[in-house]
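Biologist: I would like to learn how to read a model like this one, feature by feature. Could you give me the general idea each time and then the case at hand?

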Amino acid sequence: MKLLFPLYMSLSFFCFADENATVTDSMKNPTLQHMSVKEKKKRFLKLLLPAVQKVHDGLMQRYKRVKKNLENNTNIQEIEFLKKIYRATSDEDLLARLKPHPISITLAQAAMESSWATSRFFKEANNVFGMWSSHLYEKRIAADGKRGSKTVWLKKFDTIEDAIRAYYEMIATGKAYNKFRQLRLQYDDPYKITEGLDKYSEMGSDYVKVINQVIKYNNFTKFDKKESY
């Protein structure tokens, strides 16, 4: 599954813009339209950070519990169930699928994919990461453009937290993210882990560069948990 990237937004909006400048919102929202970049980023963190931290903490607790069970050879039934759910081929593969990556990466991707929580997909569907929908009967909204003659549909979530959980689940199960999962199991440094995001977007390796710039410029690493895995 490939995610939509807002190509109409310049890189400067994510990283290098004057924080006192204003950015015109494509939806002509009278409130967002007159917000400075600094104000939009503050609003973004207020909306996203608590939910990201809550989901990340829950996933990390599960990861640590499963890791301990594997080391002690306990709760085998739960481990086998998780392997089946996540299609894990080994104990290590299961841990790679369950370990959440640093919060800084999640925030950087959320900022890009939602244009700092100003995109139509975010405002109308809580779709933080531009996740596509391929199921007719799930909640979804249509994108503005088409691919050829086909309508592009995006998932609609009840809450921001639901969208974040779906994003982590997609990373845990998608074949395209195998390299990313291995890197996040091996490292805690976000700049090493992001090397595995080259297949996340149609931008390819350029996506990795932009994500790293967003993390660095906005000092998102300050939100990463300093704990032993």
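Modeller: Let us begin with what is meant by a helix: helices are DSSP runs of H or I with at least four residues, numbered from the N terminus. In this predicted model, Ser-104 lies in helix H6.

Biologist: How many helices and strands does the chain have, and what pattern does it follow along the sequence?

Modeller: The chain has eleven helices and two strands, and, read along the sequence, its elements follow the pattern α-α-α-α-α-α-α-β-β-α-α-α-α. Of the 229 residues, 49% count as buried, while the chain exposes about 11800 Å², of which carbon and sulfur atoms supply 51%. Among contacts between residues at least 6 apart in sequence, 63% join residues at least 24 apart.

Biologist: To return to Ser-104, is that residue buried or exposed?

Modeller: A residue counts as buried when its relative accessible area is under 20%. Ser-104 is buried, because its relative accessible area is 0%. Leaving aside neighbours within four places in sequence, Ser-104 is in contact with Pro-190, Ile-215, Phe-220, Thr-221 and Asp-224.

Biologist: Which residues of helix H9 are buried, and why do they line one face of the helix?

Modeller: The general idea is that an α-helix has 3.6 residues a turn, so residues three or four places apart point the same way. In H9, which spans residues 178–186, Phe-180, Arg-181, Leu-183 and Arg-184 are buried. Seen down the axis of H9, these buried residues fall within an arc of 165°, and they therefore line one face of the helix. Their cover includes helix H5 (91–98), helix H6 (103–114), helix H8 (160–173) and helix H10 (190–193).

Biologist: How should I read the packing of two helices, and at what angle do H3 and H6 pack?

Modeller: Two packed helices are described by the angle between their axes and the distance between the axes. Helix H3 (residues 37–72) packs with H6 at an angle of about 135°, and their axes are 10 Å apart. Angles over 145 degrees count as roughly antiparallel and those from 65 to 115 as roughly perpendicular, so H3 and H6 are oblique to each other. The crossing in which H3 passes H6 is right-handed. On the H3 side, the residues making the contact include Phe-44, Leu-48, Val-52 and His-56, and on the H6 side they include Ile-103, Leu-107, Ala-110 and Ser-114.

Biologist: What is the corresponding picture for H3 and H8?

Modeller: The axes of H3 and H8 come within 9 Å and cross at roughly 45°, which makes H3 oblique to H8. Here H3 passes H8 in a right-handed crossing. The contact involves, among others, Leu-47, Ala-51, Val-55, Leu-59 and Arg-62 of H3, together with residues of H8 including Ile-160, Ile-164, Arg-165 and Tyr-168.

Conventions
Residues numbered from 1 in each chain as written. Predicted model: local features only at pLDDT ≥ 70, side-chain atom pairs only at ≥ 80, totals over all residues. Heavy atoms only, no water. Buried < 20%, exposed > 50% of the residue type's maximum accessible area, 1.4 Å probe, protein only. Contact = heavy atoms within 4.5 Å. Areas by Shrake-Rupley, 256 points an atom, 1.4 Å probe, with all protein chains shown as cover. Arc of directions from axis to C-beta. Axes fitted to C-alpha atoms, helices over the stretch in contact; angles between N-to-C directions. Parallel < 35°, antiparallel > 145°, perpendicular 65-115°, else oblique. Left-handed = near helix turned anticlockwise from the far one by under 90°.
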